[in-house]
Amino acid sequence: MDKIFNNTQVAFALKSDTELDRAYFLFKMISNQPLVRIGAAVTNFALNVNLPVEGLIRATVFDHFCGGVNENDCLSVVDRMYTKGVSSVLDYSVEGKEEEDQFDAALAMTLKTVEFAKERQAIPFAVFKPTGLGRFELYEKLGAKQTLTSKEQEEWDRVVARFDLVCSEAHKKDVALLIDGEESWMQDAADDLVTEMMRKYNKEKAIVFNTLQMYRWDRLDYLKKLHDVAKKEGFFIGMKLVRGAYMEKENNRAEEKGYPTPICSSKEATDANYDAAVHYMIDHIDNMSVFAGTHNEESTYNLMSLMEAKGIPTKDDRIWFGQLYGMSDNISYNLADHHYNVAKYLPFGPVKDVMPYLIRRAEENTSVAGQTSRELGLIKTERKRRKDK
Ligand SMILES: Cc1cc2nc3c(=O)[nH]c(=O)nc-3n(C[C@H](O)[C@H](O)[C@H](O)COP(=O)(O)OP(=O)(O)OC[C@H]3O[C@@H](n4cnc5c(N)ncnc54)[C@H](O)[C@@H]3O)c2cc1C
């Protein structure tokens, strides 16, 4: 497979010199681990006691990683990216809510994004997080096979109804719907519910997509078993494949509670597991649709090679590549330039509420070996290319 991701001219075609400088400054800052840890703590504190730090956050991390504070803010970014063939997934990134009215608000927002996706070719998917529509502890309790009280059962019925409403609207409007993966100790209940939705709404094609976090060593097996069920019952599987964003939390909890960690034994094992899942899905693409959410160049080349080997056209609508807004533009824009289906998650929401998402991005860029230096290297190359022109 030709190596295409080093073309920085294509990667940064939409960035002005000033924007490129800002991105360089930002990645330089978040490459500094102590700075990120202290920065995260200070920012959370400042927001909690209502210090006026929103402007500073907006001008730095927020505007780099988010499309705006509401869905309408995002539209100019959506249109701009689409001029280069890169689609968007509007991601309402408000996390950590616990109240019923907040779940109903997230439901309303998700329904709105389904409508947005129906109206715009540039937005091929809608997305939501299971814990956006229901209380984390409820998923956890169900996953642990504990009996719910009658009040909890009513609460869970409302979660199921919210899922069903979003999925049925997506089905009615023919909008594919991604459902994010979260911590393993709440994921079993979410998996059962999403499978139920696939059973109901994926009869003609994949509308509902679950997420497999391939840093979990049990997920390939899970996929194969789900495939058996889907074949028997006659529904299509939609899956977003990611490596997983909660590794430290997973390992810490397993150690604390004394059970074997669900995480693969090494980065190499996770990489192999990820690529094996991609391989399995492409081998069975007649029953499946895949959204490969990754910034890993090798895994992306691997999927491109598999498509080529099987004679699958780059624009096959069962296969999508995905990255996060503000990261790995070299992958997204070069894929689009080579006519692959590619979409970027475009988070939005009030500054205070998207802080957990932003902190995860900052920590990820600090801790993932190579990610930040790769971003910095690419920006440097592009700055030099423009200067030498
Ligand atoms: C479009 C999109 C959607 C996403 N949706 C979700 C989601 O729903 N749920 C979710 O959890 N994450 C999600 N993510 C984040 C994703 O899980 C990863 O955290 C992130 O993309 C980094 O992984 P990578 O494949 O890009 O590549 P890389 O940078 O190659 O891999 C880094 C990842 O490898 C794994 N890893 C690192 N070190 C080790 C180790 N020592 N042992 C085992 N594994 C290791 C971790 O998962 C780490 O995040 C999404 C990412 C994208 C791009």
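Start with helix α14, residues 329–337: eight of its nine residues are buried, so the helix is largely enclosed by the rest of the structure. Buried here means under 20% relative accessible area, exposed means over 50%, and partly exposed lies in between (1.4 Å probe, protein chains only). Helices (H or I, at least four residues) and strands (E, at least two) are DSSP runs, numbered from the N terminus. The model is predicted: local features need pLDDT of at least 70 and side-chain atom pairs count only at pLDDT 80 or more, while totals for chains, interfaces and linings use all residues. Residues are numbered from 1 along each chain as its sequence is written, and side-chain values use heavy atoms, with hydrogens and water left out.

Within α14, select D329, N330, I331, S332, Y333, N334, L335 and A336, which are the buried residues. Then show what covers them: the cover includes the helices α1 (8–11), α5 (75–82), α13 (297–309) and α16 (371–388), along with the strands β7 (319–324) and β8 (342–348). Contact, here and below, means heavy atoms within 4.5 Å. Just after α14, stop at H339, where phi is positive at about 70°.

**Whole chain**

The secondary structure amounts to 16 helices and eight strands. The radius of gyration is 20 Å, close to the 21 Å that the globule rule gives for 389 residues, so the chain is as compact as a globular protein of that length. That radius is taken over C-alpha atoms, and the rule is 2.2 Å times the number of residues to the power 0.38. Along the principal axes, the C-alpha trace spans about 65 × 55 × 45 Å.

Colour by accessibility next: 55% of the 389 residues count as buried. The chain exposes about 17,500 Å², and carbon and sulfur atoms supply 52% of that area (Shrake-Rupley method with a 1.4 Å probe; for residues, only the protein chains shown count as cover). Of the contacts with a separation of 6 or more, 78% are between residues 24 or more positions apart.

**The nonpolar cores**

A nonpolar core is a set of buried Ala, Val, Leu, Ile, Met, Phe, Trp, Tyr and Cys residues joined through side-chain atoms within 4.5 Å. In the largest one, of 84 residues, select F163, V208, M239, L241 and I282, which touch the most other members. Helix α9 (residues 184–201) gives this core its largest share, nine residues. A separate core of 41 residues lies apart from it, with A11, F12, V36 and L358 among its members.

Return to M239 and display its surroundings. Leaving out residues up to four places away in sequence, M239 touches M198, F209, N210, T211, L212, Y222, L223, L226, M281, S289, V290 and F291.

Select D191 in helix α9. D191 is buried, at 2% relative accessible area. Beyond its neighbours within four places in sequence, D191 is in contact with N210, R219 and Y222.

E196 counts as partly exposed, at 36% relative accessibility. E196 and V160 are 36 residues apart in sequence, with a C-alpha to C-alpha distance of 9.9 Å.

Now select W156 in helix α8. W156 is buried, with a relative accessible area of 11%. Not counting residues up to four places away in sequence, W156 touches L138, Y139, L142, L148, A189 and L193.

**Two loop residues**

Most residues other than glycine have a negative phi. Go to the loop between α3 (33–48) and α4 (54–65) and select N50. N50 is not a glycine, yet has a positive phi of about 60°. At 64% relative accessibility, N50 counts as exposed.

The last stop is K145, in the loop between α7 (136–143) and α8 (150–173). Phi of K145 is positive as well, near 60°. K145 is exposed, with a relative accessible area of 72%.
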